[in-house]
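Reader: I would like to go through this structure term by term, with each label set against its cut-off. Please take my questions in turn.

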Amino acid sequence: LKMVVLTAVALVCRLPFLGEGYGKEFDAWSNALNARIISETGVYEVSRLPGHPLQELLLSGLWPLNHSYFFFNLLSALISALAVWAFYDILKRHQIGKALNWALAFNFLPVFFIAGTYTIDYNFALAFILLAYRGVLKEDYLLAGIFIGLATGFRISSLAFGLPFLLL
């Protein structure tokens with residue numbers, strides 16, 4: 001029940017901010033523009049180097065269905081809620097006291113909270129990194145590898161987590 005409530009709080013607290021444009025960063029707007037270009041031409045282009053292929057392809061695939069600010073930003077809010085859930089589960093697996101409080105604190109860290117309200121790839125990569133670490137803790141190495149691969153598809157720098165996870 002705590003995990004459900006925590007995940008709901010992480011999502012609901014972001015809802016009022018989701019219709020305010022694709023974001024304050026140029027990168028967020030370039031993600032949306034790139035999604036439109038890929039959707040209309042069928043040709044993959046990077047939104048910005050080195051490229052973020054999973055987000056670019058996800059957004060371009062969804063573009064014809066709905067490309068409103070709210071919809072694209074809702075994807076970030078949903079993945080942020082998943083990241084908060086994964087963080088809480090990791091804390092519980094490490095038997096950290098007051099895990100719920102720590103997870104709430106994580107949810108409201110300004111950089112994380114804000115990135116969960118606009119069309120950017122940061123929290124997508126972070127959520128998959130956390131899920132990969134959770135997979136390592138569960139000794140499900142195949143799942144951990146899949147999640148680190150997904151994280152890398154959103155932000156190439158996520159690949160750097162592969163070595164520490166391998167050492168664990």
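Reader: Where is the place of Pro50?

Author: Pro50 sits in the loop between α2 and α3, where helices (H or I, at least four residues) and strands (E, at least two) are DSSP runs numbered from the N terminus. The model is predicted, with local features requiring a pLDDT of at least 70 and side-chain atom pairs counted only at pLDDT 80 or more, while totals for chains, interfaces and linings use all residues. Residues are numbered from 1 along each chain as its sequence is written, and side-chain values use heavy atoms, with hydrogens and water left out.

Reader: What makes the peptide bond from Leu49 to Pro50 cis?

Author: Its omega is near 10 degrees, and the bond is cis. Most peptide bonds are trans.

Reader: How do you know what confidence the predictor has in the chain?

Author: The pLDDT, which is the predictor's confidence in each residue from 0 to 100, averages 95 over the chain, and 100% of the residues score at least 70.

Reader: Why is Tyr118 called buried?

Author: Buried means under 20% relative accessible area, exposed over 50%, and partly exposed in between, with a 1.4 Å probe and protein chains only. Tyr118 has a relative accessible area of 8%, so Tyr118 is buried. Tyr118 lies in the loop between α6 (110–115) and α7, and, apart from its neighbours within four places in sequence, is in contact (heavy atoms within 4.5 Å) with Tyr22, Gly23, Glu25, Ala28, Asn73 and Ser76. The C-alpha atoms of Tyr118 and Leu18 are separated by 6.6 Å, although these residues are 100 residues apart along the chain.

Reader: What makes Thr119 and Ser158 count as buried?

Author: Thr119 has a relative accessibility of 1%, and therefore counts as buried; Ser158, at 2%, counts as buried too. Thr119 is in the loop between α6 and α7, and its contacts beyond four places in sequence include Asn31, Gln55, Leu59 and Phe72. Ser158 is in the loop between α8 and α9, where Ser158 touches Ala125, Ile129, Ile148, Ala151 and Thr152, with residues up to four places away in sequence not counted.

Reader: Why is Asn66 called partly exposed?

Author: Asn66 has a relative accessibility of 30%, so Asn66 counts as partly exposed. Asn66 is in the loop between α3 and α4, and touches Phe71 and Phe72 when residues up to four places away in sequence are not counted.

Reader: How do you know on which side of α3 the buried residues lie?

Author: The buried residues of helix α3 (residues 53–62) are Gln55, Glu56, Leu59, Ser60 and Leu62. They cover an arc of only 165 degrees around the axis, so they lie on the same side of α3, the arc being that of the directions from the helix axis to the C-beta atoms. What covers them includes α2 (26–41), α4 (69–93), α7 and α8 (141–154).

Reader: What makes the buried residues of α5 line one face of the helix?

Author: In helix α5 (residues 99–107), the buried residues are Ala99, Ala103, Phe106 and Asn107. Seen down the axis of α5, they fall within an arc of 100 degrees, so they line one face. An α-helix has 3.6 residues a turn, so residues three or four places apart point the same way. The buried residues of α5 pack against α1 (2–12), α4, α6 and α7.

Reader: What is remarked about phi in Gln95 and Lys98, and why are these residues called exposed?

Author: Gln95 has a positive phi of about 55 degrees although Gln95 is not a glycine, and phi of Lys98, also a residue other than glycine, is positive and near 55 degrees. Most residues other than glycine have a negative phi. Both Gln95 and Lys98 are in the loop between α4 and α5. Gln95 has a relative accessible area of 73%, and is therefore exposed; Lys98, at 65% relative accessibility, counts as exposed as well.
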